Amino acid sequence: MSDIFHVGISGARGRMGRAVSQVLDARADVVVATRFDRGETPGLDLCDVIIDFSTPAASVELARACAERSGPALVIGSTGFTPEQEAALAAAGARVAIVKSGNFSLGVNMLIGLVRNAAQRLNPRDWDIEVTEAHHRRKVDSPSGTALMLGEAAADGRRVDLADVRSAPYDGVQGPRQEGSIGFSVIRGGGIIGEHSVMFASDDEVLTLSHSAIDRSLFAKGAVAASAWVRSRKPGLYDMQDVLGFRQA
């Protein structure tokens with residue numbers, strides 16, 4: 001395979017599309033073959049990979065178009081898919097390689113893998129887990145999607161369902177902590193881009209794994225890294241844990 005590969009950008013006029021363009025334009029090993037917006041599919045035959053930050057509906061139509069012609073591969077960063085749309089992406093993954101993720105930060109996804117591995121090895125009878133996240137004052141949802149991904153990773157490491165072990169927000173007199181529960185704490189203020197930490201606490205010691213976002217371009221850089229990885233993969237629906245090798249581990 002050539003060291004130079006050709007990438008298309010779907011949703012090119014959006015904020016993330018522009019960020020991806022800046023990252024790609026700065027790389028000597030990438031040629032941006034086409035840029036287009038939602039609902040369009042020009043120049044697919046010119047690309048090894050399409051990076052897509054558009055809308056769920058546009059992402060599904062793009063995946064179907066790529067699947068019909070058995071390529072190019074896809075990196076999808078759209079979020080908010082319905083179950084029917086998720087099924088459509090899975091069907092497209094039978095014919096084309098797709099990396100789909102709600103967060104393309106390499107650091108966050110490394111953190112997810114480390115949290116899963118730590119939770120697997122630290123006995124829930126002895127170690128409590130707390131997920132803390134901080135974001136800017138304008139963020140409307142809590143806990144953040146990334147915090148929930150971290151909680152899911154911890155629960156997966158313990159082979160339990162997060163819904164069964166997630167503790168309610170701390171407020172008032174609640175009694176002692178329930179063994180094996182996973183708690184969440186939320187901070188909102190100023191212009192914080194995103195900070196996430198997972199604390200494993202025993203009676204004798206505390207282990208904290210954390211990540212801080214410094215610049216929003218990190219999400220575009222992660223998507224570009226995923227595009228370099230997925231272009232040589234067999235058809236399938238992948239995520240960033242595959243890109244970082246945690247699935248193999």
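## Pockets and overall form

About 230 Å³ of space lies in the second largest pocket, a pocket being an open set of points on a 1 Å grid over the protein atoms alone, where a 1.4 Å probe fits, with protein on both sides within 12 Å along at least five of seven lines. The volume is the space filled by probe spheres set on the points, which are joined across faces, edges and corners. This is a predicted model, in which local features need pLDDT of at least 70 and side-chain atom pairs count only at pLDDT 80 or more, while totals for chains, interfaces and linings use all residues. Residues are numbered from 1 along each chain as its sequence is written, and side-chain values use heavy atoms, with hydrogens and water left out.

Lining residues have an atom within 4 Å of a point.

| Largest | about 1200 Å³ | Thr79, Gly102, Asn103, Thr146 and Phe219 |

In the second largest pocket, H4 supplies 5 lining residues, the largest share; helices here are DSSP runs (H or I, at least four residues), numbered from the N terminus.

Of the 249 residues of the protein, 48% count as buried, meaning under 20% relative accessible area with a 1.4 Å probe, protein chains only. Along its principal axes, the C-alpha trace spans about 60 × 35 × 35 Å.

Methods:
Helix = DSSP H or I, 4+ residues; strand = E, 2+ residues; numbered from the N terminus. Buried < 20%, exposed > 50% of the residue type's maximum accessible area, 1.4 Å probe, protein only.
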